[in-house]
Structure formats: C-alpha cells, structure tokens
Amino acid sequence: MAQSLELLLIQFLMPDNDARRQAEEQIKRLAKDPQVVPALAQHLRTAKTPNVRQLAAVLLRKKITGHWAKLSPQLKLLVKQSLIESITMEHSPPVRKASANVVSIIAKYAVPAGEWPDLLPFLFQCSQSAQEDHREVALILFSSLTETIGNAFQPHYAGLQALFLKCLQDDTSNRVRVAALKAVGSFLEFTIDGDEAIKFRQFIPSILNVARQCLSSGDEDVAIIAFEIFDELIESPAPLLGDSVKSIVQFSLEVCSSQNLEPNTRHQAVQIISWLAKYKHSSLKKYNLVIPILQVMCPLLAESADADEDDDLAPDRAAAEVIDTMALNLSKHVFPPVFEFASLSSQSTNPKFREASVTALGVVSEGCLELMKGKLESVLHIVLGALRDPEQMVRGAASFALGQFAEHLQPEIMSHYGTVLPCILNALEDASDEVKEKSYYALAAFCEDMGEEILPFLDPLMGKLLAALQNSPRNLQDTCMSAIGSVATAAEQAFIPYAERVLELMKSFMVLTNDEDLRSRARATELVGIVAMSAGRVRMEPILPPFMEAAISGFGLEFSELREYTHGFFSNVAEMMDDSFTQYLPHVVPLAFASCNLDDGSAVDIIESDDENINAFGGVSSDDEAHDEPTVRNISVRTGVLDEKAAATQALGLFALHTKSSFAPYLEKALKILVRHSGYFHEDVRLQAIIALKSILTAAHALFQSQNDQQAKAREMLGGAMVDTDTVMDIYIKTMTGDDDKEVVAQACTSVADIIKDYGYTAIEPYMSQLVDATLVLLKEESACQQLKDDSDMDDDDTEHDEVLMDAVSDLLPAFAKSMGSHFAPIFANLFEPLMKFGVHYQLILLKASRPLQDRTMVVACLAEVAQEMGAPIAGYVDRVMPLAIKELASSDATNRRNAAFCVGELCKNGRESTLKYYGDILRGLFPLFGEPEPDDAVRDNAAGAVARMIMAHPQSVPLNQVLPVFLKVLPLKEDHEESMAVDSCVSTLVLSSNQQILSLVPELVNLFAQVAVSPVETPEVKAQVGIAFEHLISLYGHQMQPLLSNLSPAHASALGAFAPKS
C-alpha cells in the first residue's frame, strides 16, 4: 500500500483535473483499510515535497479516529513516533501545523487511556528548547490540545501560565510570541474557574506589547487575536480586567484612530470599546475613561467608509454604536461631552463634522433622554439649524435626529410641535431623496404621539403625503406610507375624510408581486390596518373583503416582512371588528400557526479547518466528527423570521381576545405554541407570548360563562388541564424570576395582576405562595433580569433597576391586597421591608443619596393602594410610611405629589388613631397644593381627597373653620374624578350632620352642588349624594335659598331643582 499511496498523493496534487479525480477515488478506497494510518504516517516523514507531507497529515487527521482502535500497540507507537519526529524535525510550518492537528486528535483518545504518558513532558521540553521552531510548535500544540484534552492540563495550570507569559515576552522570536498569544486565547476560552482566570490579568501588558509589534510589522490579523482575547476577558463574569482596562482602552483608541490600518482591524478595536461600555461601564467611569473615549468616538462619526469598503465596518457606524451603548449605561457622564462636541461641531466648516454633531445628538437621545429633556431648546436649536444646512448629508442627519427625539424624548418634545413640525414639512420638499426619506421617518415618529394637536396641520400634511405617495420612487413611497400611518393614528376619527382616498391608493400596492416591490406591499398592508382602526367597524366592514383577500394571498409570495406586516394587519382588523372577526378565523389562524412554527433560520458563518492550502479534500470524509466540526465565528438570526414570529404570536393573542369563545377550535394548539414561545431565545417573541397567554385565558374563560362554577373553571384554565407542557401560572412565575429581560418580566407581573383582577383570589390561591416568593425576589432585586453585568463596584446611580419593571412589580401588591383584603396582612409583612428600600435613604453612615425619584413614586403609589385595599392592618405601618409620604408632598415631581396626597389620605382613613399625631404635619404639607402655585389639577384633586378622608376619619382633629374655605374653593374636582366619591361624601356628611362650620358656607355649597349636578363626568352615585345634601339645605333654609338659586345659570338651576323636594 505504501508505494501505491505515495504515487496517489503525488497524482492528487497534479493540475490535471482528471488525474486528480482518479487519485481521489483510489484514495477513498484505500482509506477504508486501517493500514492506511501507518502508511500515511510514513509518508508524513519520508515524502520528498512539503505538499505531499502536508497532504498525508491532513488525510491522516481525517481518518485516524475511525481506525485508531483497530491498530496494534506497535503500530500506534509507530504513528506517535512519526508525529513527534515530524513536529521536531520538519522544516515546513504548514506540515508542522498539520501534524500538530493529528496529535491533538490522537491525544483525545490516547491520553485519557494512559497510552501517551510522555506527550505532555515532551511538549514542556519542546517549549524550553533553544530552537525557535520547537518552541513555536509546542505552543501550537498546547492551543489545539485544549479542544481535545483540556482537562489533562488542569494539574499543570500554574506551569502553563508561567510558560505562556515567558513566551509572550520572548525577545528572540516574533513567531514564538505570536504562538503564545494564540495559546493564551485558547486557554482563556477553555478556563472556567474564576480564580484561575483572574491570573490572566497579568498577561495583559505582554499581550498589548505583542499586538503593538504585530501592528508595526503589518501582521494585523495576528493583532486581532489580542482583541479576541480582550473580548473573552470582558464578557467573563469574573473580574479579569482590574485596572488593566485603562491600557486596553488606550490601545484600542490608538488602533481605531489609525487611518492607515485595515478597516477590520480598526473595527475590532471599536468593538472592544463597545463591549466595555456594555459589560464594564462602571470601570470606564471608575478610571475616568468616558471622556477620552468620547474624544475619539465623536470625531469618528465624521469618518465614513470608502466606496469599496464594507458598510458594516464603517467607522462612523461603529462609533455610533459605542456612543449609544455608553449613553444607555452612563448617561449623566456621556451627555455633557457629547453636547459640547455637537455645539462646537455644528459650527464647523467641514460638513462631515456638522453631520456628526446632529448624529451624536440623535444617537444619545435614548440613553440620555432625561438630561436632553432639560436642554431640549438648545438641542433643537442645533438640529433645526442643521435641517437648513446647504449640505444634504447634514440635513438628512438632522431629520434622522428629529425622528429619534420623537421616539425617545416624549412627552416633552411634543410641546415644541409648533416649531418642529413646520420644519419637517419643509424638509419633505427637499431636493434630495435621501433627506426626504429621513424626513418621512421623522414625520412618522413625531406625528404618532401628537393626538389632537395634529388637527391644524392635518389638511396640508395629507395634501403633501398623498401627492408624494403617487409621484415618488418606491423607497420614498414606503416611508411616506409609514408617515400616513402615524398621522392616522394621531388623528383618529378626524382622519376619516382621507381614509377612502388612502384605501383606494393602497389597492394597487397590495397586488404587487415583483420581489423588489414586496416591501411596499408590506407597508401598504400595514397602513390599511391602521386606517381601518381610524375609520371604524361601520365604515370598514362592507369594504373589507378585498383587502383581506389580498392580504391572505400575500402569504404565497415567500417574503417574511410581508407576512410580518400582514399579521399586524389582521391584528388591527380583529381589534376593530371584535367578535365579527370570527368569520375570518379559519383563514388567518392557520397562517399565524405556520409563522409561529417556522424554522428559526440561524445564519452561521464558519471558519474552515487548516486545509486552506490543499482545498480539494472534500471527497475524503472524516471519521472525526468532533474535530472536523467547523469553528463557529458568528451566529446571527435572520431578523425577518424573528419579527414574523413575534407578529404572529401577537396576532394569536388578539384573535383570542376579540373573538373569545369563537376561538375555541384553535385554543389548544395556540396554547401549546404560546407555552413554547414563552421560552423562546429572543425576548421579542417571549414578550408577545406572555401577553398572548393572558388573552388566551380570556377566550377560554368565555367558554365556561354558562357554567355554574365559573371560579373552578377559571382555576382549571390557570392550572392547566389544557396545557400539556406547563401551566400558564407556572410560566408566569418562572418568567418573573428566571427571564433575563426586564420588559418580559414586567409583562408577566402585569398579566398576573390582571388575572387576579379578572378571576379573583380563588383562581390564584394554589399559586399564592410561589407568587409571593417571586415578588419577594423581584423586590430584593435578585431575579435573573436584575443581575449586574459589571464586575466593578457600583454607585447608586448604576443600580440596574428599571422603572417599568418595578412599577409592574409594585402593581402586584395592591392586586393581592384587593383580592384578599385584610387577610393580605401576613404576606405584606414579608414584602414591606424590601419595598421600603426603594423609598427611603440608605444608611447615613454610607453618606449615600436617596433612591431615584421614580423609585419613591412607585413606593408611595403602591403603599397608598395597599392601604386602600388592605384596610385596618395598615395601621401597623403608619409610623414608617407617613414620614415618607409627607416628605413627598413637597416633591418637585407632580406625580409624586399626587401619589403622596392620595397616600396620606388612605393612611388617615384606614390607620385611624395611629395617624392623629401626624395631622398637623399633613395639613401643613397639603396646604401649598391648594394654592395657585400648584400647576397640576390632579395634584390639587388628590389633596382635596386627602383632606376629605382626614375629616371623615377624625373630624374633631381638623380645624374645619380654617380648612373648609380652602377645601371648597378648589371644588368641584377638575381632573381626577376617582376622588369624587370621597370628596362629595365628606361634604354631604358634614351638611347632613348640620355641621355649623360648613353651614356657614352655604353659597359656596350651592355653587358646588350645581356644578356637580350638570357635570357630564360625575357618576349618578355622586350626584345622588349631592342631591340628598341639597335637599337637607332646602329643609334647613327653605325660601332663604331662593336668592342663591336665582344667581345660577338656568342649566345649573334646573339641575339643582330636580333635587328639590316636590311641594
């Protein structure tokens, strides 16, 4: 075999394709015989040309696994000796590397079996050799062996680390330093133990030195390995960087600033800064690195990729990602330098820097929203000025920034609509299509939240948009349709005069079938759904069938984005038609099921093995599946499929919610899908599943409305006979503590609270213990989504706690209290302290500031509602809660003042005697809320409600002669009419008891009662109370009331007259 095999190897390398094919077929045949292994090992040592020796090694690597166990001990020894000789005596680096790969595979089987005890001593000996080649190949082998026998190195870890460090500092051989760099990367990836991994911190200076040497010698590909190592260090949960983060940042900034380097190398450097901003942002702050980074990143926004370069590697795009990440994690440190850069660059003579100035502001608007809101006029001055810039690139960036502001700076940005909207309308007439496209985006983002403020602009706006829709290229038509959708959403029924024209235009878009037109068809389908919501069921139902048919037919075109938008269209139609949508369920539900069951479609890029020099070995299969498995370099899920799944999941929930019992035929299958999607890898799909599960319960509950024992049936739905894999409540409970996305967890909490409200305590009683435990975990900030991703010491303002999440968590406590009443008291006792930490100061000895404003808002609102629902047991907490509530009465935030007023009132109502000692402080705190300086009517209404509750609880403890004139002056309530019952009950009770203090204010009472009587927003119950009190006044004063009544308007007098006793 040996002689014929050598000839075949030579023939395989010939340029003649026929000869190569013949050789390949015969090699395949020979490779089935175990004797091919020693034959290949012989040629690895004896073949005259390096190409043949390398080919022998590569073939040996492919076949060794299948044949190794069949070889005799003597032949195994021969093969191992041949490989060791090849490694130590071979002059060709590719052959040495190929031999090292074979050693790695054999070691996988031989070392654990004790068949190669001298391998590791040999490698250590090689690594100490005076010969450069030996040191290099030893390091190469150490790298490759981590993949197969990494555990065998554990006893030698300290020695290996010392060896690698020594080799990184080898001052005689660049090849050894590079091999050591690669070995460090392999071992770091393999190292799991935190204590061992931390030792790699001492490697960082040497790694940086090697990387710098590689860059100076032009070996950029090798230098990139350093960035890969830093990537591992950054993403590790162990604190591996320490103060080395300073030198890593300095090196990365040097590289990304060097325009003479390759785009990919610079991009890798920017990515390291981005990972640091994401995972180690506190280290950036701790070592004062934020400003140095921004001093490099902001100017990079002015540097775009060359025409022949990959846009994904463009410096401006990468820098924007870094700045965005830093803004999200370090907002108060990022905004000042970014704003300074924008202010200076907006005056630059270089248009790229003027573009960068507004780009920077747009990029940080999400992360720095609160700080930007405080400087909104100055920010808008820069951006609106850029919208008039002579350069199109600057105007386009300004339009994009305005769109970002509209998305993130709500509601404050809307107060500037009078200035901003005309500027956007002017930009729609820009000569540049690129500027027009971004202006449509800005218009769409801005209009969506305008509400009735859009009405004065509606006609000119729709005139421009409809004209543009008919006369623009496809890409502009797409963004124009998005803008029309936002206008329709804001205008609601005022959009009806334009609906017919828009729907008529959409018909031509919804029949497009060419691939390049399908995105436009998707936008049109979406727009029809939005317009249908504005037009309403009565107008849409007769004309809907052709639109539904067109939408359904689009599923045959195999375009994921079209399917995604069509599911959204079906969702809107279901919401508009409610139970009448049942007729379409047989057509649309299977489409939603199909999208939900799509393959995830992971797109994987791979790094091929080291056979790049001999690239025609595909015909000779490998027996070593583990080793030949390609190295995954990058995994990216096709977002089209993901978005489609999210839209389909949402649609199933809405179909169930609006058709209720008619959804019965699809209920079981839908539940199974939603249970599966509740554990989906991407949070967008999980979020929609968590929302839809509650809608499915609504539909299922409707099936049992005719049953006598509805609560038992509700419990059955919650507990799960209809869910095979898990119960709905188990999913929610697991999500609360185990999901790593805050928005998903918040939605699970909201769904649980809704279930309690809808089905009552009986339905959730079996899960109460688990629900309370999960709530406690969230209040203690110990759930998966609340874990800190940074290894550095955290300051107060770095607490990774989210307002939306904790608002949802805090809503659970009042829901529990409402369903359990005073029986909630033992549970509340366990939740109280963790809740209060969000509202009080930290220990004074730590000299820490109080919790963020939104935390105190959440706590006070939660405590107020618990007091309201739990009742008398709240008395035990008055001394802890009341001081906080009284303090918040003077808050700078209107929401806080409103919640605090409601809270003190409920505490006084239910806390009884325990609150009396606070009455003076409460009244002093409430008094400013009744005056003209208080700008918020809802605050004033809640202050009135608090006073009413105080009077009702302990009238003798309130100085009515001082309080009632101020109290009555702010009535009737202006905004928060939920307080009406408390306020009017108080007034009526005082009148009916003939309280002398209130009877001295009869003119004010008559005026108040008249306004309540004609109010369209007050309930019949409130009006009835007022009527009884008015009758009592008539009974006391009779004809003396006539002058007061004659001063009223006819409408008011008539309304009051209806309450007067009939003579």
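Where is N288 found in this chain? N288 sits in the loop between α16 (281-286) and α17 (290-300), with helices taken as DSSP runs of H or I of at least four residues, strands as runs of E of at least two, and both numbered from the N terminus. Welcome to a short tour of a predicted model, in which local features need pLDDT of at least 70 and side-chain atom pairs count only at pLDDT 80 or more, while totals for chains, interfaces and linings use all residues. Residues are numbered from 1 along each chain as its sequence is written, and side-chain values use heavy atoms, leaving out hydrogens and water.

**Backbone features**

- Most residues other than glycine have a negative phi, and most peptide bonds are trans.
- N288 is not a glycine, yet has a positive phi of about 55°.
- N288 counts as exposed because its relative accessibility is 62% (buried is under 20% relative accessible area, exposed over 50%, and partly exposed in between, with a 1.4 Å probe and protein chains only).
- R912 also has a positive phi, near 50°, and lies in the loop between α47 (894-911) and α48 (919-926).
- With a relative accessible area of 41%, R912 is partly exposed.
- Q410 and P411 are joined by a cis peptide bond with omega of about -5°, and P411 belongs to the loop between α23 and α24 (417-427).
- Another cis peptide bond runs from L971 to P972, with omega near 0°; P972 is in the loop between α50 (960-969) and α51 (980-992).

**Salt bridges**

- Side chains of opposite charge can pair when their charged atoms come close.
- The whole structure holds 39 salt bridges, each a side-chain nitrogen of Lys or Arg within 4 Å of a carboxyl oxygen of Asp or Glu.
- R96 and E136 form one of them, their closest N and O atoms being 3.4 Å apart.
- This pair links distant parts of the chain, 40 residues apart: R96 is in helix α6 (residues 93-110) and E136 in helix α8 (residues 132-149).
- Both R96 and E136 are buried.
- K507 pairs with E504, with the closest N and O atoms 3.4 Å apart.
- Helix α28 (residues 496-509) holds both K507 and E504, which are three residues apart, about one turn of the helix.
- K507 is partly exposed at a relative accessible area of 39%, and E504 is partly exposed at 44% relative accessibility.
- D579 and R537 form a salt bridge whose closest N and O atoms are 3.7 Å apart.
- The D579 pair also links distant parts of the chain, 42 residues apart, with D579 in the loop between α32 (560-577) and α33 (585-596) and R537 in helix α30 (residues 537-540).
- D579 counts as partly exposed at 45% relative accessibility, as does R537 at 31%.
- Salt bridges that share partners join R96, E132, D133, E136 and R175 into one network.

- Residues 379-417 are 67% helix and 0% strand, with end C-alpha atoms 14 Å apart.
- Residues 420-455 are 64% helix and 0% strand, and their end C-alpha atoms lie 15 Å apart.
- E407 is in helix α23 (residues 392-408).
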